[in-house]
Amino acid sequence: MRLFLARGRLHTAMTMVWFLVVLCVACSRPPLGGSIEDVQTIPQDVSRIIGANSGSMDDHSHIPNQSRLAKQYLTHFFAPWHLKAATLYPAENLLRSINTLGTSKVIGENLQPWPTQRITRLVATCDQETFPNQDARAITIMDTHARALPTRHPGFHSFDRPGEGYPFDYMQYSVLWAGTPVHVCHLTRDKEWALVEAGFVYGWVPVNNLAMVDEAFMARFQSDHFAVPLRDDRPIIDTEGVFRCMTHIGAIYPVAMESPTRPMLLMPAADASRKAVLVKADMKGLEMAPFPLPMTLDNQVFLAQGFMGQPYGWGGMYANRDCSAMTRDYMTPFGFWLPRNSSQQARQGRRINLAGLSAKDKENIIRTQGIALRTLIWMPGHIVLYLGQYQGQPVIMHNMWGLKTKTLMAGEGRYIIGKTVITTLYPGAELNHLDRPSGLLINKITGMSIFP
């Protein structure tokens with residue numbers, strides 16, 4: 001009898017141990033990611049969402065100021081070639097990454113802190129004492145990453161903290177599509193890297209990705225006619241059969257008329273002395289349109305759908321997009337200039353403040369005042385495109401990395417989405433481990449901007 005009771009107690013104790021083990025595993029290891037309910041139940045098709053709103057939407061084919069806005073876009077785009085000061089951006093901004101290097105731990109690709117030798121070498125090669133040592137106009141001849149420092153090595157803040165580690169390489173600022181005008185304001189001591197200013201971002205780029213422009217080149221490149229891609233990843237091949245780059249929504253290229261019916265792209269290339277020359281490329285099969293693209297519903301839907309399902313790309317990594325790159329590239333073909341990051345984009349357009357409102361009040365304002373495909377909704381660190389309503393709920397398109405989660409045992413984490421999706425204002429609300437209230441997107445929304 002005693003043995004039986006002992007075995008009973010042992011069995012109960014073992015059961016409790018296994019229960020605690022299973023509980024700990026369940027609490028400490030929430031799923032890394034997957035398909036949230038919104039993505040499963042809402043059509044991931046912009047045309048279907050817009051179709052559901054068609055009775056309450058107008059076609060904005062004739063926006064009175066679209067031509068004027070497109071001219072302003074080109075002014076921003078070509079600003080690096082027409083400086084009225086030494087630099088386009090304040091010197092303290094351009095040099096900030098050098099000056100702050102070493103004040104915090106930087107984690108490298110091997111998950112170890114950057115060695116002191118790397119930091120010392122980077123600071124030395126930046127040759128900060130001679131800044132600015134250049135004043136040249138140039139153009140990117142290939143898709144080019146703009147980096148915080150002149151290095152291809154990644155720099156992460158931490159792999160232990162949620163929302164850090166991969167893919168958040170803080171050396172990565174943005175990507176400059178081929179054909180982007182830049183101002184070269186500084187060179188590294190070894191002449192391998194150039195600190196450049198584009199109209200929407202600055203950063204270090206490899207010198208070999210640039211060609212230097214002269215007055216004749218600039219005059220021809222700033223033509224009266226431009227074309228914009230409507231699809232990503234179509235190869236641009238010049239008339240000599242040489243690959244130049246892939247198309248990207250958000251890029252813009254000058255056009256020359258070979259004949260009344262045969263427009264040709266003018267693509268930048270570099271000669272043997274790294275001076276810029278123009279080569280021609282046939283537009284056939286590239287799915288391009290004259291700039292600015294009329295802001296009709298059909299054009300807006302077609303363009304927006306091209307972003308759907310694309311992988312998340314922090315700072316343009318792997319030529320992918322993050323949230324603000326998606327919104328910026330979406331607006332470009334229509335001639336609407338947006339800055340590069342979400343906080344700056346939030347200052348554009350006709351702004352409506354939503355900070356401090358209840359979730360219900362935010363929804364009501366978005367539903368009644370938002371214009372589908374012309375409204376950006378923003379919050380600290382994230383920005384999205386409003387698509388209208390689906391089954392009575394406001395829905396948005398956004399390229400998002402993940403949702404904030406929290407469990408008893410593991411603490412804060414992330415549920416990874418990692419692509420462009422269509423959701424409600426409550427993505428992941430069904431997840432038991434979603435962090436509430438801060439993990440709910442609706443609670444973070446602070447405003448909206450309507451264009452134009």
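## Surroundings of Thr-140

Leaving aside residues up to four places away in sequence, Thr-140 is in contact with Leu-176, Trp-177, Ala-178, Gly-179, Thr-180, Val-182, Asn-209, Leu-210 and Pro-268. The model is a predicted one. Thr-140 belongs to strand S1, which covers residues 136-140. Its relative accessibility is 0%, so Thr-140 counts as buried, the cut-off being under 20%. A polar atom of the Thr-140 side chain lies 2.9 Å from the backbone oxygen of Trp-177.

## Helix H7

Helix H7 spans residues 116-126, and its buried residues are Arg-118, Ile-119, Leu-122, Thr-125 and Cys-126. Viewed down the axis of H7, these residues fall within an arc of 135°, so they line one face of the helix. The face turned away from the buried side carries the exposed residues Thr-116, Gln-117 and Arg-121.

The cover over the buried residues of H7 includes helix H6 (96-100), strand S4 (181-187) and strand S6 (202-206). Just after H7, Asp-127 has a positive phi of about 55°.

## The six-stranded sheet

Six strands make up an open sheet with antiparallel pairing, in the order S15-S20-S16-S17-S18-S19. Strands S15 (350-353) and S19 (411-424) are at the edges with a single partner strand each, so one side of each has no neighbour in the sheet. On average, neighbouring strands of this sheet are turned by 30° against each other, direction ignored.

Strand S18 (residues 393-407) runs antiparallel to S19 and is joined to S19 by twelve bridges. Met-397 has Ile-422 in S19 as its bridge partner. Helix H10 (residues 323-331) lies across strands S16 (375-379), S17 (382-390), S18 and S19, and runs at about 65° to S17.

Notes. Residues are numbered from 1 along each chain as its sequence is written. This is a predicted model: local features need pLDDT of at least 70, side-chain atom pairs count only at pLDDT 80 or more; totals for chains, interfaces and linings use all residues. Side-chain values use heavy atoms; hydrogens and water are left out. Buried means under 20% relative accessible area, exposed over 50%, partly exposed in between (1.4 Å probe, protein chains only). Helices (H or I, at least four residues) and strands (E, at least two) are DSSP runs, numbered from the N terminus. The arc is that of the directions from the helix axis to the C-beta atoms. Contact means heavy atoms within 4.5 Å. A polar contact is a pair of N or O atoms within 3.5 Å; within protein, one must be able to donate a hydrogen and the other to accept it, and residues adjacent in sequence count only if both atoms are side-chain atoms. Two strands pair if DSSP finds at least two bridges between them. Axes are lines fitted to C-alpha atoms, for helices over the stretch in contact, and angles run from 0 to 180 degrees between N-to-C directions.
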